[in-house]
Amino acid sequence: MRSLHPVMLQNVWAAHQWEGFGRPCYRWATDEPEHQHEEMDGETAVSTVVWANTLSVAETVHGLRNGSVSIDVVELGEFPHRGRFDDRFVPLFWVNKGQAEIVADPRLEEPRGDHAVVLRRSIPHLSDLIAHVEIVDAPSPSFEQVVRSLLASATRIHPDLPDKELLEGIMDRRRTMPTAVGHGVSIPHAFWDGVDESCCFVASVPSGVASMVSPDGGKVHLVFLLLSPLGEAKRHLEALATLARLAGAQEYVDLLARQTVPDRLARLIMERA
């Protein structure tokens with residue numbers, strides 16, 4: 001037998017032993033062929049690599065220990081599937097009436113069953129950052145209308161918020177510094193000494209924001225209004241990085257933008273937290 005890495009050798013040995021049970025053998029592996037055929041003791045051991053485009057086993061174990069990775073069970077039926085699963089939210093098993101079926105390649109398979117077991121890579125600080133979500137269902141509202149609605153929501157949480165002053169500042173800055181960042185997302189922001197930590201108010205605009213185009217040419221459907229403590233540029237940049245991770249995949253952003261119920265929008269966002 002040709003020389004193999006010790007871990008691969010262990011996998012091949014396990015596959016060889018499992019063949020005696022007459023059941024399919026799967027291996028969680030990365031950077032290996034989809035089907036691995038290796039000789040051991042003069043016989044061929046066959047196993048199928050799964051979850052090759054996820055984190056490695058070692059990375060997953062490390063993430064589980066430090067809390068950046070979790071394995072969760074989620075319902076399938078309530079949300080459209082397109083855009084829900086990606087490299088941060090990877091299905092490992094489809095579950096139907098308590099029976100689990102392995103997901104060999106989540107990029108190619110359509111979800112089936114009523115639940116999924118997922119490998120979730122959490123976005124640090126996201127749960128602390130998102131303060132409120134809403135749906136702006138007016139037909140093609142203006143950017144100012146959307147920001148005004150978000151500031152009204154912020155005022156309900158922070159009654160002393162100078163909403164008119166902040167709105168004027170946001171609109172003035174927009175004339176020289178566009179807030180659209182791509183993938184149909186806009187991130188207007190402001191500093192205010194009435195908050196101790198950065199907080200974000202999210203609006204989904206299914207019809208799109210009127211007269212506003214993102215750098216990639218698409219309509220803007222998601223607006224993240226970010227408020228940060230006055231003079232706290234570092235916290236502000238960290239919050240922007242968190243939002244960039246959340247809105248980094250086009251299909252996922254499209255899924256958020258299609259939501260018409262605030263609770264569902266919030267749940268989809270919190271799946272990444």
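**Close-up views of a predicted model**

**View 1. Helix 4 (residues 143-157) and helix 5 (residues 163-174) pack at an angle of about 145 degrees, their axes 10 Å apart.** This is a predicted model, in which local features need pLDDT of at least 70 and side-chain atom pairs count only at pLDDT 80 or more, while totals for chains, interfaces and linings use all residues. Residues are numbered from 1 along each chain as its sequence is written, and side-chain values use heavy atoms, with hydrogens and water left out. Helices (H or I, at least four residues) and strands (E, at least two) are DSSP runs, numbered from the N terminus. Axes are lines fitted to C-alpha atoms, for helices over the stretch in contact; angles run from 0 to 180 degrees between N-to-C directions. Helix 4 passes helix 5 in a right-handed crossing (near helix turned clockwise from the far one by less than a right angle). Helix 4 contributes F143, E144, V147, R148, L151 and T155 to the contact (heavy atoms within 4.5 Å). Helix 5 contributes D163, L166, L167, I170, M171 and R174. By class, the contact has seven nonpolar, one polar and four charged residues. Ala, Val, Leu, Ile, Met, Phe, Trp, Tyr, Cys and Pro count as nonpolar, Asp, Glu, Lys and Arg as charged, and the others, Gly among them, as polar.

**View 2. Four strands form an open sheet in the order 4-7-5-6, with antiparallel pairing.** Two strands pair if DSSP finds at least two bridges between them. Strand 4 (69-75) and strand 6 stand at the edges, each with a single partner strand, so one side of each lacks a neighbour in the sheet. The twist averages 30 degrees from one strand to the next. Helix 2 (residues 57-66) packs on the sheet and touches strand 4 and strand 7. The direction of helix 2 makes about 85 degrees with that of strand 4.

View 3. Strand 5 pairs with strand 7 (residues 115-121) in the antiparallel sense over six bridges. F89 has R120 of strand 7 as its bridge partner; P91 has V118. Strand 5 also pairs with strand 6 (residues 99-102), antiparallel, over four bridges. N96 stands opposite Q99 in strand 6. Two residues separate strand 5 and strand 6 in a hairpin. K97 in the turn has a positive phi of about 50 degrees.

**View 4. Helix 7 (residues 250-257) has Y252, V253, L255, L256 and A257 as its buried residues.** These residues pack against strand 10 (185-186), strand 12 (199-204) and strand 13 (222-228), and also against helix 6 (233-246) and helix 8 (262-270).

Notes. Buried < 20%, exposed > 50% of the residue type's maximum accessible area, 1.4 Å probe, protein only.
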